[in-house]
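Please read the briefing below beside the sequence and the coordinates, which are shown first.

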Amino acid sequence: MTSPYAHPEYQRNRKIILAGTQLTCGICGHGDIQGQKWTADHIIPLMNGGDHSLSNLQPAHALCNSRRGSLDQARANHQKIAGRNHAVN
């Protein structure tokens with residue numbers, strides 16, 4: 001299976017989002033942090049129906065994006081388990 005991040009629309013829009021010289025992280029609100037790389041963050045995650053459009057991407061520090069992704073995945077797993085438990089009861 002091909003990574004969704006290899007999609008041509010994502011690659012094109014990622015370049016546009018990260019082309020600015022005065023980037024601000026859409027997650028923590030800070031600018032450049034020494035040693036921190038920039039990524040294009042999906043505001044509405046792909047797993048929640050988000051897409052690769054410019055309106056759904058924002059610049060983010062790689063660490064902020066990674067932390068947010070982990071929280072989103074944990075939240076999705078919790079909801080899945082809660083739904084399964086509710087169906088059993």
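What follows covers the basis of the model, its fold, its strands, its core and its aromatic rings.

This is a predicted model, in which local features need pLDDT of at least 70 and side-chain atom pairs count only at pLDDT 80 or more, while totals for chains, interfaces and linings use all residues. Residues are numbered from 1 along each chain as its sequence is written, and side-chain values use heavy atoms, with hydrogens and water left out.

**Confidence**
- The chain averages a pLDDT of 85, and 79% of the residues score at least 70, pLDDT being the predictor's confidence in each residue on a scale from 0 to 100.
- Confidence is highest in helix α1 (residues 8–17), at a mean of 96, and lowest in helix α2 (residues 62–88), at 73.
- Where pLDDT is low, the predicted coordinates should not be read in detail.

**Fold and surface**
- The chain has two helices and two strands, which follow the pattern α-β-β-α along the sequence; helices (H or I, at least four residues) and strands (E, at least two) are DSSP runs, numbered from the N terminus.
- Of the 89 residues in the chain, 27% are buried, where buried means under 20% relative accessible area, exposed over 50% and partly exposed in between, with a 1.4 Å probe and protein chains only.

**Strands**
- Strands β1 (residues 38–42) and β2 run antiparallel and are joined by five bridges, two strands being paired if DSSP finds at least two bridges between them.
- Thr-39 has Ala-60 in β2 as its bridge partner.
- In strand β2 (residues 57–61), five of the five residues are buried: Leu-57, Pro-59 and His-61 point one way, and Gln-58 and Ala-60 the other way.

**Nonpolar core**
- The largest nonpolar core has ten residues, among them Tyr-10, Leu-23, Trp-38 and Ala-60; such a core is a set of buried Ala, Val, Leu, Ile, Met, Phe, Trp, Tyr and Cys residues joined through side-chain atoms within 4.5 Å.
- To this core α1, β1 and β2 each supply at least two residues.

**Aromatic pair**
- The structure holds one aromatic pair, and because the rings of Tyr-5 and Tyr-10 have their centres 5.3 Å apart and their planes at 70°, the pair is edge-to-face.
- Rings of Phe, Tyr and Trp (its six-membered ring) pair if their centres lie within 6.5 Å, with planes under 30 degrees apart counted as stacked, over 60 as edge-to-face and the rest as tilted.
- Tyr-10 is buried, with a relative accessible area of 6%, whereas Tyr-5 counts as partly exposed at 41%.
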